[in-house]
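Reader: I have a structure open and would like to talk it through. May we begin with its pockets and then turn to its aromatic rings?
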Amino acid sequence: MSADLATDTALRSRVEDFLYAEAALLDEWRLDDWLQLLSEDARYEVPSTDRPDGRPDTTLMLISDTRPMINARVTRLNSRKAHREFPWSRTRRIIGNVRVLAVETDGDLQVTANFAVYRTRSGRTHVYAGRYRYRLRPRGEAFQIAFRRAELDQENLDEHGTLSIIL
Amino acid sequence: MTYRNELVVDDRESGVFRVHRSAMTSPQVLADERAQIFDRCWLYVGHDSEIPKPGDYVRRTVCGRPVIFLRDSAGTVRVHFNTCTHRGATLCREESGNTRVFQCFYHAWSFDTTGRLIVTPGADAYAAGFDRSALGLRAPARVESYRGMFFLNHDEHAVSLLDYLGGTVEYLDLVFDQAEEGMRVVGGTHRYSVGANWKLMVENSIDGYHAPTVHATYIDFVKNSGGGQNKAALGTGAGVDLGGGHTVIESTAAWARPIAYWEPFFGEEARPEIEAKRAALTDRYGVERGTRMAETFRNLLIFPNLVINDVAAITVRRIEPVAPDRVALEAWALAPHEEREGSAALQRRLDSFLTFLGPGGFASPDDVEALESCQQGYAAQPDVAWSDISRGMSRIPLPDDELQIRTFWRAWASVLDSAGFPDRVEGVESPGTTRTSAPAAAGAVRS
Ligand code: FES
Ligand SMILES: [Fe+2]
């Protein structure tokens with residue numbers, strides 16, 4: 001991280017505000033609004049718990065979505081027939097340790113953040129904990145998400161059973 | 001008690017098959033299963049492609065017992081129990097890696113990869129009767145393999161693995177022969193557990209009946225993704241009792257397969273490659289077998305707890321009982337070696353896998369929901385004590401009938417009763433009965 005970026009608190013604040021707003025949309029299940037934050041070429045990845053460094057062309061991931069797949073995931077979650085999420089679970093995203101690591105030559109920001117996502121349903125609450133990696137594309141004062149990846153600390157999904165929400 | 005008749009009612013005269021729900025909730029049943037089934041049947045450990053080099057190892061838990069699956073320094077694949085023969089510490093504490101020596105972190109006893117005890121610090125403290133050669137790592141009674149798939153058996157008198165696999169070999173070959181340079185397990189494991197009895201996961205893995213309801217959103221997705229479902233596939237194929245508790249559903253591919261059935265889902269750019277693979281299969285194996293390999297789905301159960309789904313991708317799923325109401329799953333993707341890391345072919349296969357399968361897929365989460373809701377429903381015992389698995393007993397089974405689930409349960413009860421495996425079912429199970437008409441109106445309730 002360059003010294004400039006580390007001390008650019010104005011930029012970091014804007015990034016934080018953006019990530020908090022995104023988290024609110026997801027917590028409120030406003031998934032169609034959330035889709036508006038994504039670029040047309042956006043990707044969404046969650047590596048398998050035993051390979052947090054995994055890549056979709058070498059490794060079995062948990063999620064490896066192109067933009068059309070993200071749209072399909074949202075369509076599915078909006079349906080009453082996505083049984084694992086009907087009725088919807090309650091989720092609460094806590095995001096912190098937001099860092100702007102680099103600005104790419106095309107202007108995209110490389111951002112990391114820590115997360116704890118609480119999911120409550122059927123009398124149980126469990127936590128997905130880990131690190132986000134984002135590629136954010138500046139659009140005026142706001143951003144577009146070109147890439148988002150959630151790397152889990154959990155060694156398995158024994159508590160969770162599934163990853164049926166958008167992390 | 002006998003399992004057959006008391007917990008599994010197989011009434012062929014009436015065409016009714018029922019399972020008592022205590023089979024899914026009783027700790028005694030699980031204890032019997034561990035002793036009669038899991039201590040006697042061949043249990044999958046791993047594939048040798050997971051440990052390609054001498055010294056490679058992975059940790060596994062096989063029916064509750066911790067093991068190290070490794071390739072020793074001379075290249076032989078072995079299974080050791082992962083417990084120090086001194087006072088029991090877990091010897092190998094990393095999930096996977098490569099080593100020449102396993103040194104116990106507790107008192108530093110050290111074992112080579114063949115399991116031999118080679119170092120006991122302070123050796124002069126032991127008397128002459130202390131036999132170091134008898135304190136090597138323990139191995140399961142039997143370890144055997146077929147096409148790189150390694151299984152263990154705790155019963156030294158068990159039949160050979162090949163005899164045990166019996167009728168499944170034909171289907172394993174149909175899977176493994178798709179590769180030109182052999183199959184491998186791709187890195188990355190789906191590890192999750194479900195609040196349900198392990199047999200519910202077995203049933204679900206070979207249940208064609210639930211797809212239109214449980215997986216409605218997946219089917220909609222396939223329709224909307226431009227591929228469409230292969231209409232010719234609807235209602236094709238059937239469940240087959242392979243003997244030995246093993247069973248398979250083979251049916252015409254309902255959607256795209258990396259080897260080798262192109263649909264628009266894969267994109268136009270992938271078409272030449274997939275069609276070339278299709279042609280190569282026919283060249284190697286002839287039209288009939290080549291077509292069968294390329295254009296059929298296989299959902300294979302190897303009794304008691306291994307599932308191989310050769311569908312939109314190939315998954316190997318190991319089902320591990322944890323408690324009467326909890327099952328742990330491990331699932332891997334198989335891919336041909338020639339689909340190199342970083343290639344479009346491998347990514348296509350893995351993306352195809354993920355669309356349906358796994359904790360983050362468009363289908364498996366809803367299976368998990370169904371299983372957990374069944375387990376919760378069993379709390380209504382003893383008032384509601386039986387599950388029904390009679391579908392299709394009076395006809396040649398269709399793929400959405402329940403013959404393959406009955407096949408599992410018949411073997412389950414028979415092995416628990418120490419009666420070995422039952423005879424294979426061929427043809428119609430209850431030919432004397434015909435389909436029921438609509439149920440009569442309910443009788444009056446006692447006031
Ligand atoms: S328990 Fe392993 S050396 Fe003592
Ligand atoms: Fe299913």
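Reader: Which element gives the most to the lining of the largest pocket?
Author: Please keep in mind that this is a predicted model. The element is α7(B), which contributes 5 residues to the lining of the largest pocket.

Reader: What volume does the largest pocket have?
Author: Its volume is about 870 Å³.

Reader: How many residues line the largest pocket, and which lie nearest its centre?
Author: The lining is made up of 39 residues. Nearest the centre are B:D207, B:G208, B:A211, B:W255 and B:F297.

Reader: Which elements each supply at least two residues of that lining?
Author: In chain B these are the helices α5 (198-205), α6 (211-214), α7 and α10 (364-377), together with the strands β16 (246-252) and β17 (296-302).

Reader: How do the lining residues divide into nonpolar, polar and charged?
Author: There are 18 nonpolar, 14 polar and 7 charged residues in the lining of the largest pocket.

Reader: Let us change topic. How many aromatic pairs are there over all chains?
Author: A search of the whole structure gives 27 aromatic pairs. One of them joins A:F115 and A:Y132, whose ring centres are 4.4 Å apart with 35 degrees between the planes, a tilted arrangement.

Reader: Where in chain A do A:F115 and A:Y132 sit?
Author: A:F115 belongs to strand β4 (residues 109-121) and A:Y132 to strand β5 (residues 124-139). They are 17 residues apart, and the pair links distant parts of the chain.

Reader: Is A:Y132 buried or exposed, and why?
Author: A:Y132 counts as buried because its relative accessibility is 1%, and the cut-off for buried is under 20%. A:F115 is buried too, with a relative accessible area of 4%.

Reader: Why is the pair of B:Y218 and B:F221 tilted?
Author: The planes of B:Y218 and B:F221 are at 50 degrees, so the pair is tilted, with the ring centres 5.9 Å apart. Stacked pairs need planes under 30 degrees apart and edge-to-face pairs over 60.

Reader: How many residues apart are B:Y218 and B:F221 in helix α7?
Author: They are 3 residues apart in helix α7 (residues 216-224) of chain B, so about one helical turn separates them. Both B:Y218 and B:F221 are buried.

Reader: Which rings are linked into a cluster?
Author: Ring pairs connect B:Y3, B:F38, B:Y164, B:W198, B:F303, B:F408, B:W409, B:W412 and B:F421.

Reader: Finally, what lies over the face of B:W386?
Author: B:R18 does, at 4.4 Å from the ring centre. Likewise, B:R348 lies over the face of B:F266, at 6.0 Å from the ring centre.

Notes. Residues are numbered from 1 along each chain as its sequence is written. Chains are lettered from A and ligands numbered from 1 in the order in which they are written. This is a predicted model: local features need pLDDT of at least 70, side-chain atom pairs count only at pLDDT 80 or more; totals for chains, interfaces and linings use all residues. Side-chain values use heavy atoms; hydrogens and water are left out. Rings of Phe, Tyr and Trp (its six-membered ring) pair if their centres lie within 6.5 Å; planes under 30 degrees apart count as stacked, over 60 as edge-to-face and the rest as tilted. Helices (H or I, at least four residues) and strands (E, at least two) are DSSP runs, numbered from the N terminus. Buried means under 20% relative accessible area, exposed over 50%, partly exposed in between (1.4 Å probe, protein chains only). A charge sits over a ring if NZ of Lys or CZ of Arg is within 6 Å of the ring centre and within 35 degrees of the ring normal. On a 1 Å grid over the protein atoms alone, a cavity is a set of points where a 1.4 Å probe fits but cannot get out, and a pocket is an open set with protein on both sides within 12 Å along at least five of seven lines; lining residues have an atom within 4 Å of a point. Grid points are joined across faces, edges and corners, and a volume is the space filled by probe spheres set on the points. Ala, Val, Leu, Ile, Met, Phe, Trp, Tyr, Cys and Pro count as nonpolar, Asp, Glu, Lys and Arg as charged, and the others, Gly among them, as polar.
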